[in-house]
Protein chains: 2
Amino acid sequence: MFRETNTRSIVKGISWRVVATTTTIIIVYIFFGRLDLAIAAGLIETVLKVVLYWGHEKIWHKIHWGKKKIEPFNLWFTGLPLSGKSTIADKVYKELEKLHIPIERIDSKDIRELVPNIGYSREDRNRHMLRIAHLIKTLQNNSISTVASFVSPYRESRKAIREMVKNNIVVYLKADIETCKRRDYKGVYEKALRGELENFSGINDVYEEPQHAEIVIDTDTVSADEAASQIVKYVRKHYVK
Amino acid sequence: MFRETNTRSIVKGISWRVVATTTTIIIVYIFFGRLDLAIAAGLIETVLKVVLYWGHEKIWHKIHWGKKKIEPFNLWFTGLPLSGKSTIADKVYKELEKLHIPIERIDSKDIRELVPNIGYSREDRNRHMLRIAHLIKTLQNNSISTVASFVSPYRESRKAIREMVKNNIVVYLKADIETCKRRDYKGVYEKALRGELENFSGINDVYEEPQHAEIVIDTDTVSADEAASQIVKYVRKHYVK
């Protein structure tokens, strides 16, 4: 973050006043051919303009019209493993960054890589979700929006998040489990089917479908790019007008 | 967060131009008594000033002098339970807020109240510290500084934090364990001594003293207010010049 020092503000202000006053003096001199009067007019103008500019700023400071509040929001991507959460969330994040709003990307994988043994049991996942909700809430306190992607298979933890964060937009990426298995470039479904992974959502643990998702996308028929543009449109309509 | 709409910027700009041009016309008219020439001079001035102002802004945009970068920092309070971490950290946070830098307060108690069963074993605490480090790092990505207070008794987790966050300032609040016991308004030392609390730092678990703390304060002899002002002075000297 950069901040202007007081010295810079003052020097910049003086620099502009010199340019402005010189221009006025030259114009008046060209019109009337009297340098002494032109300089006098220029100097009086300088004093008046400084005072008037200050007053003008003060008045506008009190006018609230045309100031729009940007409320931080949270895009919450949920869905089966390999349903396309990270891919689509990445695309959406990239588009939203262009709107010059403070925004942060939070992905399940990044955090699980960083923090060992978070666990996949119901209790572990619920605790994990509370921590993520706390992270999002802290960012929102500082006007930062979030694009978060987590399998988040349980209704209770998605509910906890909705209660803790503002402007929560649940994006449910619907995908047939057979499609996800076909997309299995990570080989995780195969492992889960062989019984090598416990609590794998959709195989040996439930995925409880969201019932109040703001956006539902069928990734069997909608492409990642189409999905992203649909989500960005929603955000622009409701939060970044 | 508020943002100015384009319409507001334009209307405000026009409003100022009207004030400025009218002033020029009045001054010129008073000096020379010719209203037609005064208006002509005023209009020419308006066009010129708009162009010049734009150029002036463009040039200043390229001048980096006088822009100071505010680097986010992390004040990390460590010490035995009841050594005064939260009290002093709260005071420091209140003072730093006055400097108008984006800053967030993170306290052990708040998070442990929110997220159940974080645990107190070495493994639990280390995992907890990694999550806090991730939280601080994410805030720092967004230029937000932090004031964090955690017992954080193990060297390894304090080291992990130092590796993950920028501008880490460890504040070690030294306190004789007997002093802490006397301050025991929460009754936690009593409980720990009765064996009702496991892994209680200083009683039935170690507190490994920091060896590289940037600031060490002996809370047996230094008051909370003195401690806070000493820490604020350090931050102002190194990070918010």
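Q: What should I keep in mind about the model and its numbering?
A: This is a predicted model, in which local features need pLDDT of at least 70 and side-chain atom pairs count only at pLDDT 80 or more, while totals for chains, interfaces and linings use all residues. Residues are numbered from 1 along each chain as its sequence is written, chains are lettered from A and ligands numbered from 1 in the order in which they are written, and side-chain values use heavy atoms, leaving out hydrogens and water.

Q: Why are α2(A) and α1(B) called roughly antiparallel?
A: Helices here are DSSP runs (H or I, at least four residues; strands are E, at least two), numbered from the N terminus. Helix α2 (residues 35-62) of chain A and helix α1 (residues 6-32) of chain B have axes that come within 10 Å and cross at roughly 150°. Axes are lines fitted to C-alpha atoms, for helices over the stretch in contact, and angles run from 0 to 180 degrees between N-to-C directions. Under 35 degrees counts as roughly parallel, over 145 as roughly antiparallel, 65 to 115 as roughly perpendicular and the rest as oblique. The pair is therefore roughly antiparallel.

Q: Which residues make the contact of α2(A) with α1(B)?
A: Contact means heavy atoms within 4.5 Å. Those of α2(A) include L37(A), I44(A), L48(A) and W60(A), and those of α1(B) include V11(B), W16(B), I27(B) and F31(B).

Q: What makes K49(B) and E45(A) a salt bridge?
A: The rule asks for a side-chain nitrogen of Lys or Arg within 4 Å of a carboxyl oxygen of Asp or Glu. The side chains of K49(B) and E45(A) meet at 3.8 Å, N to O, and the rule finds four salt bridges across the interface of chain A and chain B.

Q: How much area do chain A and chain B bury between them?
A: They bury about 6,600 Å², 70% of it on carbon and sulfur atoms. Buried area is the accessible area (1.4 Å probe) that two parts lose on being put together, summed over both. The contact takes 67 residues from chain A and 67 residues from chain B.

Q: Why are α3(B) and α9(B) called oblique?
A: The axes of helix α3 (residues 85-97) and helix α9 (residues 224-238) of chain B come within 9 Å and cross at roughly 45°. That angle falls among "the rest" of the scale, so α3(B) and α9(B) are oblique to each other.

Q: What about α5(B) and α6(B), parallel or antiparallel?
A: α5(B) and helix α6 (residues 155-164) of chain B pack at about 15°, with axes 9 Å apart. They are therefore roughly parallel to each other.

Q: What makes phi of S143(A) and of N117(B) worth a look?
A: Most residues other than glycine have a negative phi. Phi of S143(A) is near 65°, a positive value in a residue other than glycine, and S143(A) sits in the loop between α5 (122-141) and β5 (145-149) of chain A. Phi of N117(B), also positive, is near 55°; N117(B) lies in the loop between α4 (108-114) and α5 (122-141) of chain B.
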